[in-house]
Amino acid sequence: MKLLKLVPDHTNIDFVRLRGWAFGLTLLLSVLAVGVTFYKGLNFGVDFEGGLMIEERFATPPDLDRLRDVVDAQGLGEASLQQFGDPRTLTIRLPVQEGADEGATNAAVKKVETAIGQAFPGATFSRYSTISGKVSGELIRNGVLAVVLAVLGIGLFAIVRFEWQFGVSTIAAIVHDLVMTLGFFALTQFEFDLNIVAAVLTIIGYSINDKIVIDDRIRENMRRYRKMDMREIVNLSVNETLPRTVMTSVTILLALAALLFLGGHVLRGFTAAMILGIVVGTYSSIYVSSSLLITLGLRADPTPEKVKTSAIDNAERVAPRTPRA
Amino acid sequence: MLDFPRWKVVSIWLTIAVLCALAIPSLLPQRITDSWGSFPHPRINLGLDLAGGSYLLLEADVNDVATSRLETMREQVQTEMRRQDPRIEIGDISTRGGRLSFLLRNPAQVDAARERLLAITGGGVGMTGQREWDIQVVDSSRLVLTPTQAGLTQAVDTAMGDATEVVRRRIDELGTREPTIIRQGTNRIVVQVPGLQNPQALKDLLGKTAKLEFKLVDETASPQQLVAKQAPAGSQVLAYPTNPAGIPLIAVKRSAILTGDQLTDARQEFSQQTNEPQVAITFDSQGGRKFAQVTRENVNKPFAIILDNQVISAPNINEPILGGRAQISGSFTTESANALAIALRSGKLPVALKVVEESTVGPDLGAESIRAGILASAVAVALVVAFMLVTYGRFGVYANLAVVINVFVIVGVLALIGGTLTLPGIAGFVLTIGTAVDANVLINERIREERRRGRTVSQAIELGYSEASRTIFEANMTHAISGIIMFILGSGPVKGFAVVLLIGIATSVFTAVLFTRMLTVQWLRRTKPKTINI
């Protein structure tokens, strides 16, 4: 049986040569992403904003203007409506009810449900949640803390296991992934809630996974070809790991695609964030973290630690594909 | 490479068999596993987002604890100074500024007063030996008690522990299925009740601090006085929403006959004569004596049952009630009688709890999410399996076996540790399926590479596994770091996601590296191939 090969053998793409362009493009995109995040802001979910969120399912797609009128008539503050998944499912968001003991919120939920039930027969409530401003503040704090700690922890791990340049370039790449994800959420105004923080952390985890594999190969090649120019080592390593990078990304994207289309509407934002993160993460593994190693002046140690020797390591090696410097 | 000892093979299969077996109960319908009786059948719990139900986050105000502690201390000081001979006369007692201070009438008694204070302010907090209160003497006759942070922390801790118990008892009374009540942090309680149809009833029950008192009704108050909220001397006007007289107010004597802590039991039952719902209450011996005395003196007069300064019922005393057992009848429905019984029975919450976060998921949405999640997982597995098969052939089959076993093992481990599967957990599951093959991709790509470099089949496989193993370790370690952080800092759904992710990382390394290696070695030994199709 002829097996599928997504990436042909012996690729020799000169990733490093394109580095200048890639840095420029990355920088431009990052600036744009930061700009759009500050300018438009994120559409925080009820987890972070505090407030009241009700999800209703209607028998037929409702007339949004009429629905808005019905909800606004309850005098609970300005409602924001959002289609969620299919046109029959809508979320209604209301600000935190003042005088906010639990009674006020409950009364608000009841009021809205009753009013909608009357105006739109066949509407059923699917879920609601309310979060006070205080808790939402903590959730934001914990979310940010989790992301920062994850980045630091992983950076530290990379520094301990590899060398400082790997740690720095890895952190830079993660920050890049984060900025891009935030920019994406600001641009599309998809709801940014607690689940998205989980998605972001997963992106970090995955993206790191990807970078570590390439870093690992760079380290291996640095030991194997001590005299080779760093640019060539990076190029060689990225090319050598390219089949794996592509294969893994494709399998994960296949799994995530199943989740995106079949996993139900509640997880859609979460899945979209992860898909974006995988694409961005794969890009940054090749163009940000690996290339940055060269800029940071990593070079093969002239007196490296003794490489673990085994019968096979001492066996003859075929010539490397790239010309030696 | 080729020596894969038999004991290793046996233990790998055994581990897999055990973990997969653990998954079985979770995959069978509940009614089947229920029929197994005492045979152990750990099941995965479904999170509220999947099962439907209510989630409440309750928070206590720490300042309330501090205030009530100060009040208690004030009463204690007043009693203690009078209790023993010689009595120590005190005055000008105040709790302003969060401190208790009072003046000694006779400055010569300072040392004696100090002695007595030491006795009631406790020896110290836990193992640290820190005092609960600092005692200071100011101007030789004023004593000041300042609560220490350690003492306060312990008081809050105790209050929250008690509150959690009260909440648990109250929820158990509702008779709902498998509620989860967990203390969180210093001053919070998480309540999760799956499948609850009416979260309002739950909150009504929890919102009450249930300070229960029995007082005599002051019948001299005129309706005009009531409306103006003016009570005769020695009485007070309280709200009485269900007053059959029409005015939602009633006047009661200020001093309580009995308080809730003298009540030992309360339950809803039906009257033998009229078959109407009523509430039967039982007092302890001291309370029973007091109740007997008061009812003997006040036959044909009403007394008020007061919960949190609101009168919930004002039954008439038909006859002296001796022996500490009474029944309250009136215009009860079964529900209202039951609610009163629960409120009477479940005791006083030591602190007021406020709902700071709440969510309710309808059962339909939960069921739909499960269906969607299972479908997505199945399709994800199918896609990944097909893709691995066309890319790596035989090695793809091994990797696929590993993935499928991994799915079962994750379910088994989750059931074993009593983990909860949430909606993001399903996402974690699907993601794990995607990443689980990464280890095999790394190994297989490495084998391809080594083959291209001209290595023999067994050398290439050996190198593929050994070189890739290090990379797999590094990569999974970093992945695990983010998982651990998510687990520690995440709440609710995020935590659920992290649990699945962490289990997935651990099990996938086992199945992807060890298990496939075993299969590969066994095949190599059997066929000794000269070339491999990879």
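Two strands count as paired if DSSP finds at least two bridges between them. Helices (H or I, at least four residues) and strands (E, at least two) are DSSP runs, numbered from the N terminus. The model shown is predicted: local features need pLDDT of at least 70, side-chain atom pairs count only at pLDDT 80 or more, and totals for chains, interfaces and linings use all residues. Residues are numbered from 1 along each chain as its sequence is written, chains are lettered from A and ligands numbered from 1 in the order in which they are written, and side-chain values use heavy atoms, with hydrogens and water left out.

**View 1. The three-stranded sheet of chain B.** This open sheet has the strand order β13-β14-β17 (chain B) and antiparallel pairing. Because β13 (263–270) and β17 (325–328) of chain B each have a single partner strand, they stand at the edges, and one side of each lacks a neighbour in the sheet. On average, neighbouring strands of this sheet are turned by 25° against each other, direction ignored. Seven bridges join β13(B) to β14 (residues 277–283) of chain B in the antiparallel sense. Glu269(B) has Gln278(B) in β14(B) as its bridge partner.

**View 2. The four-stranded sheet of chain B.** The open sheet runs in the order β3-β4-β6-β5 (chain B), with antiparallel pairing. From one strand to the next, the twist averages 20°. Three bridges connect β3(B) with β4 (residues 100–104) of chain B in the antiparallel sense; Gly91(B) stands opposite Leu103(B) in β4(B).

**View 3. Helices against the four-stranded sheet.** Helix α4 (residues 62–83) of chain B lies across β3, β4, β5 and β6 (142–147) of chain B, at about 20° to β4(B). Helix α5 (residues 110–120) of chain B packs on the sheet and touches β4, β5 and β6 of chain B, its direction making about 170° with that of β5(B). Axes are lines fitted to C-alpha atoms, for helices over the stretch in contact, and angles run from 0 to 180 degrees between N-to-C directions.

View 4. His176(A) belongs to helix α6 (residues 164–188) of chain A. His176(A) counts as buried because its relative accessibility is 7% (buried means under 20% relative accessible area, exposed over 50%, partly exposed in between; 1.4 Å probe, protein chains only). Beyond its neighbours within four places in sequence, His176(A) is in contact (heavy atoms within 4.5 Å) with Thr26(A), Ser30(A), Val280(A), Tyr283(A), Ser284(A) and Val288(A).
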